[in-house]
Amino acid sequence: METIKIAEKYRPSLLHAIITIAIGVILTFWSNIVLQYLVIFIGASFIVLSCVSLLSHYDFKRRNPGVNKMFPIESFISLLFGILLMIFPVFFMKILMILLGVALFIGGASQIYAMIQINRAGGAIKGVVYLIPSLILLAGIVIIINPFTFAEAILILIFGITTLVYGVTNLIRYFLKK
C-alpha cells in the first residue's frame, strides 16, 4: 500500500504530459527558428509589461498631482532589457541555451529521483527504465557544459526530441500507474 501512495505522489498529470509532448513536437520540427522567436517574444513581453507599468505611473501622477511618487526605475530598465532582447536575440539565445540545459538536467534528475523513491518504497522499476531519464540528464549536462560549440538549431532539436521523449515517458507513466 505504501508503494501505491509513493507512486501516486510522483505520477505526472495527463495535462503536463500532453503539453510537454506538444512543446517537444514544436521544438523538434521548427527548431531552427523557435529559439530566436522565443527570445523576441520574451523581449516583447518585457516591453509590454514595462509600458503598462510606466503608463500607470504617469496616470497616477496625473490623477494625484500633489502626491510625490517615485519613478519606477525597474520598469524603465525592463523596457531597455526588452528592447535589447528584441534587437540582439542571437546573443541572448546563447544564454537561453544554458537555461534550457539546466531545465533538461533538472527534468532528468527529478525523474530518476522519483524512480529511486518508488524503488525504495518497494516498487519494481527495472534498470532499463532509467535509460530515458539518464539520456535527458546527459543531454542537459552536454548543453550546460558546451552551449556555444554546437549550432543552436541542433541543440534545440536535441532539446525538442528529449522534451518529446520526456512527455511520452510521463504519458506512459500516467497510464501505467492509473
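Buried means under 20% relative accessible area, exposed means over 50%, and partly exposed lies in between (1.4 Å probe, protein chains only). This is a predicted model, where local features need pLDDT of at least 70 and side-chain atom pairs count only at pLDDT 80 or more, while totals for chains, interfaces and linings use all residues. Residues are numbered from 1 along each chain as its sequence is written, and side-chain values use heavy atoms, leaving out hydrogens and water.

**View 1. Ring pairs join Phe46, Phe81, Phe91 and Phe92 into a cluster.** Rings of Phe, Tyr and Trp (its six-membered ring) pair if their centres lie within 6.5 Å; planes under 30 degrees apart are stacked, over 60 edge-to-face, and the rest tilted. Counted this way, there are three aromatic pairs.

**View 2. Phe46 meets Phe81 edge-to-face.** Their ring centres are 5.0 Å apart and the planes stand at 85°. Phe46 sits in helix 3 (residues 31-63) and Phe81 in helix 4 (residues 73-87), so this pair links distant parts of the chain, 35 residues apart. Helices here are DSSP runs (H or I, at least four residues), numbered from the N terminus. Phe46 is partly exposed at 30% relative accessible area, and Phe81 is partly exposed at 31%.

**View 3. Phe81 also pairs with Phe92, edge-to-face.** Here the centres are 5.5 Å apart, with 90° between the planes. Phe92 belongs to helix 5 (residues 89-120), so the pair ties helix 4 to a part 11 residues apart in sequence. With 15% relative accessibility, Phe92 is buried.

Notes. Helix = DSSP H or I, 4+ residues; strand = E, 2+ residues; numbered from the N terminus.
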